[in-house]
Amino acid sequence: MSTWLLAGASGFLGTALRVRLATEGHEVVRLVRREPATSSERRWDPAAGLLDPAVLDGVDVVVDLAGAGVFTHPWTTARRELLLSSRLETTGTLARALAARAGDGRERVLLQASGVARYGTEPRTEPATEDTPAAPDFLAQLTVAWEGAAQPAVDAGVRTVLLRTSPVLAASGGAFVPMKLAWSAGLGTVIGSGRQRMPMISLEDYLGVTTWAAAEPRARGAYNLTIPEPTTNAEFTDVLARALHRPRLLKAPAFVLRRALGELAEQLVGDCWAVPARLTGDGYVFRDPDVHATVASALRT
């Protein structure tokens with residue numbers, strides 16, 4: 001069994017990961033910004049760039065999930081600055097601490113959060129793979145800067161895995177919760193034309209990829225965490241409607257969403273077509289490879 005150090009451990013994904021690791025017998029240490037309340041917590045101050053490298057002694061895996069929520073507030077100038085700073089501060093602080101401990105003889109791995117939003121929402125003629133260049137829009141460039149903040153660890157020889165994650169579907173948290181509530185109330189909608197590709201991954205596969213990447217010595221660099229059989233918004237809504245025994249009656253026009261949400265609306269109406277080329281190529285086997293299995297899994301977890 002190994003020791004994991006988690007930043008962002010109290011969020012939806014961090015909580016699910018902590019539970020999974022505990023059931024598998026791993027030790028989990030949480031980074032907190034207050035005085036530690038238990039022996040499994042360590043204090044840090046990423047805004048000031050402060051993390052005692054000694055915290056990494058005995059640690060095998062570092063997971064960075066920290067960062068302000070992307071879809072919880074409008075993207076004002078101040079919010080954009082927070083989205084960027086909250087990621088660069090945490091990732092940079094962890095990467096520098098890992099670099100400082102890189103010569104101590106312990107093989108560590110950094111599992112760094114990122115997103116498939118890196119590839120943008122413009123229509124494309126073929127799916128984005130891990131080698132596809134980043135798009136020029138705000139969210140895509142945010143992921144570029146975020147991943148770049150991990151470079152000190154990479155330069156020091158720390159095995160670093162960039163988890164370019166699509167929306168993780170589970171009834172226990174994340175974006176699927178309001179979706180399920182809306183559909184259960186008969187208010188589910190097709191977004192825009194419904195033809196846009198919609199990336200997703202089940203919580204089971206997100207946790208599976210994370211633990212696989214920690215244990216697999218070949219895992220290094222970027223991986224797209226999204227189902228290998230892409231789906232559209234219309235297909236997703238059909239599958240969810242049938243699973244919940246609700247009609248699919250409503251439609252949210254793209255122009256209405258753009259007027260209400262501004263640039264943020266492109267993440268809903270735009271086309272994000274990405275595939276997990278490196279994951280499948282490196283031997284990870286998806287438990288939930290398509291929209292049908294992913295929705296079924298989400299309704300169970």
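Modeller: Gly115 has Thr165 of strand 6 as its bridge partner. This is a predicted model. The strands involved are strand 5 (residues 109–115) and strand 6 (residues 159–165), which pair in the parallel sense over seven bridges. They belong to an open sheet of seven strands, ordered 3-2-1-4-5-6-10, with parallel pairing. Strand 3 (41–43) and strand 10 (221–225) are the edge strands, each pairing on one side only. On average, neighbouring strands of this sheet are turned by 25 degrees against each other, direction ignored.

Now the helices. Helix 2 lies across strand 1 (3–7), strand 2 (27–32), strand 4 (61–64) and strand 5. Helix 2 runs at about 165 degrees to strand 4. Helix 6 (residues 203–215) also packs on the sheet, touching strand 1, strand 4, strand 5, strand 6 and strand 10. The direction of helix 6 makes about 165 degrees with that of strand 6.

Helix 2 has a helix partner too. Helix 2 (residues 77–100) packs with helix 3 (residues 138–148) at an angle of about 20 degrees, and their axes are 9 Å apart. Angles under 35 degrees count as roughly parallel, so helix 2 is roughly parallel to helix 3. The crossing of helix 2 past helix 3 is right-handed. From helix 2, the contact uses Arg80, Leu83, Leu84, Arg87, Leu88 and Thr91. Helix 3 contributes Phe138, Leu142, Ala145 and Trp146. By class, the residues of this contact are seven nonpolar, one polar and two charged.

Methods: Residues are numbered from 1 along each chain as its sequence is written. This is a predicted model: local features need pLDDT of at least 70, side-chain atom pairs count only at pLDDT 80 or more; totals for chains, interfaces and linings use all residues. Side-chain values use heavy atoms; hydrogens and water are left out. Axes are lines fitted to C-alpha atoms, for helices over the stretch in contact, and angles run from 0 to 180 degrees between N-to-C directions. Helices (H or I, at least four residues) and strands (E, at least two) are DSSP runs, numbered from the N terminus. Angles under 35 degrees count as roughly parallel, over 145 as roughly antiparallel, 65 to 115 as roughly perpendicular and the rest as oblique. A crossing is left-handed if the near helix is turned anticlockwise from the far one by less than a right angle, and right-handed if clockwise. Contact means heavy atoms within 4.5 Å. Ala, Val, Leu, Ile, Met, Phe, Trp, Tyr, Cys and Pro count as nonpolar, Asp, Glu, Lys and Arg as charged, and the others, Gly among them, as polar. Two strands pair if DSSP finds at least two bridges between them.
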